[in-house]
Amino acid sequence: MLATERERRRGRRWNVRADPSLVVEALAEVSAIGPYFAISTDPACEDDEAWRPLAELSTDTGALRARIDDFQRRLGTEESRVAASILFQGLAARLWSPVVGAFAARGLVPVAAPTGIRWRPAATGPLPLCASRTSRWSIVPDDPPRDAERAPGEAAVLVYQAVVDDLLAPLVAAVRSITKISASLLWGNAASSLAGTLRTLPAARPDLGPRAARLVRDVLRLGVLAGTGRLAEPAPGQYFFVRVSCCLYYRVPGGGMCDDCALLDPPARDTQWARAVRQAGGTR
């Protein structure tokens with residue numbers, strides 16, 4: 001289920017188009033966080049045929065099938081659905097990260113993301129992204145902290161629309177047209193990837209952590225992401241996600257269970273969390 005029309009109207013009500021110079025400055029700041037957050041603003045990307053509209057990520061099923069086949073070979077699995085799941089999770093993380101970062105840093109949210117942001121095929125590593133001259137970003141007022149039962153904020157609705165409605169929903173359909181895989185599993189991957197931004201962004205930019213966490217909590221309550229799992233904070237500023245599905249990584253030769261896996265025993269998960277918190281310098 002997608003965000004309701006009421007949520008869409010509410011999310012479009014208070015945003016203001018951002019000045020292009022502010023967007024360039026903000027994306028440079030966000031790109032410094034790490035490779036999954038990076039978006040180039042090089043004007044040349046719009047004139048270079050190697051850079052393609054983000055919408056083509058899901059419409060070029062031949063390229064997507066080739067990427068899944070390549071993942072399958074490199075992972076050493078006989079199951080295309082396992083490769084498709086791992087690939088989708090990585091792509092979802094790539095799409096969520098700069099959006100969460102841009103909002104946390106400057107209150108920016110992309111508008112019409114499939115046409116305004118471009119991608120370039122790459123054999124390995126995070127998918128290269130570039131914001132073209134035609135990309136549009138809105139400045140969305142921050143929602144002050146409120147109780148957990150409040151309605152999702154304006155920014156969450158817009159982020160949901162930009163990433164889930166415009167990008168991930170078509171990608172889910174494309175992946176499922178190539179291999180037999182559950183939509184709920186893929187949406188669990190999307191939710192896990194969104195929550196995963198809170199393991200990376202606050203470590204690099206602690207000042208952005210609280211704003212990013214409010215956004216992520218809100219987005220996880222919307223549409224197809226609602227009910228995919230729960231976000232836990234076992235120590236202040238240390239976030240972990242417990243999903244209700246499994247990404248199938250345990251079926252990769254030599255793989256195992258992620259710390260958000262539904263198959264993981266709670267005591268084992270608690271041990272993993274405690275170790276991760278200690279390594280991050282927290283206390284638990």
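At what angle do the axes of helix H5 (residues 80–106) and helix H9 (residues 209–219) cross? In this predicted model, the two axes cross at roughly 130° and come within 9 Å of each other. Because angles over 145° count as roughly antiparallel and those of 65 to 115° as roughly perpendicular, the arrangement of H5 relative to H9 is classed as oblique. The crossing of H5 and H9 is right-handed. On the H5 side, the contact involves Trp96, Val100, Phe103, Ala104, Ala105 and Arg106, and H9 contributes Arg211, Ala212, Leu215, Val216 and Val219. Two of these residues, Phe103 of H5 and Arg211 of H9, also form a charge–ring arrangement: the charged end of Arg211 sits over the ring of Phe103, at 4.6 Å from the ring centre.

Helix H9 also packs with helix H7 (residues 154–178), their axes coming within 9 Å and crossing at roughly 65°. This crossing, too, is right-handed. Ala155, Ala156, Val159 and Tyr160 of H7 meet Leu215, Asp218 and Val219 of H9.

Aromatic pairs, by contrast, number zero in a search of the whole structure.

Regarding confidence, the protein chain has a mean pLDDT of 86, with 89% of its residues at 70 or more. Over residues 1–13, pLDDT stays under 50, although the model has 23 contacts beyond four places in sequence for this segment. Where pLDDT is low, predicted coordinates should not be read in detail.

Note on methods: Residues are numbered from 1 along each chain as its sequence is written. This is a predicted model: local features need pLDDT of at least 70, side-chain atom pairs count only at pLDDT 80 or more; totals for chains, interfaces and linings use all residues. Side-chain values use heavy atoms; hydrogens and water are left out. pLDDT is the predictor's confidence in each residue, from 0 to 100. Contact means heavy atoms within 4.5 Å. Rings of Phe, Tyr and Trp (its six-membered ring) pair if their centres lie within 6.5 Å; planes under 30 degrees apart count as stacked, over 60 as edge-to-face and the rest as tilted. A charge sits over a ring if NZ of Lys or CZ of Arg is within 6 Å of the ring centre and within 35 degrees of the ring normal. Axes are lines fitted to C-alpha atoms, for helices over the stretch in contact, and angles run from 0 to 180 degrees between N-to-C directions. Helices (H or I, at least four residues) and strands (E, at least two) are DSSP runs, numbered from the N terminus. Angles under 35 degrees count as roughly parallel, over 145 as roughly antiparallel, 65 to 115 as roughly perpendicular and the rest as oblique. A crossing is left-handed if the near helix is turned anticlockwise from the far one by less than a right angle, and right-handed if clockwise.
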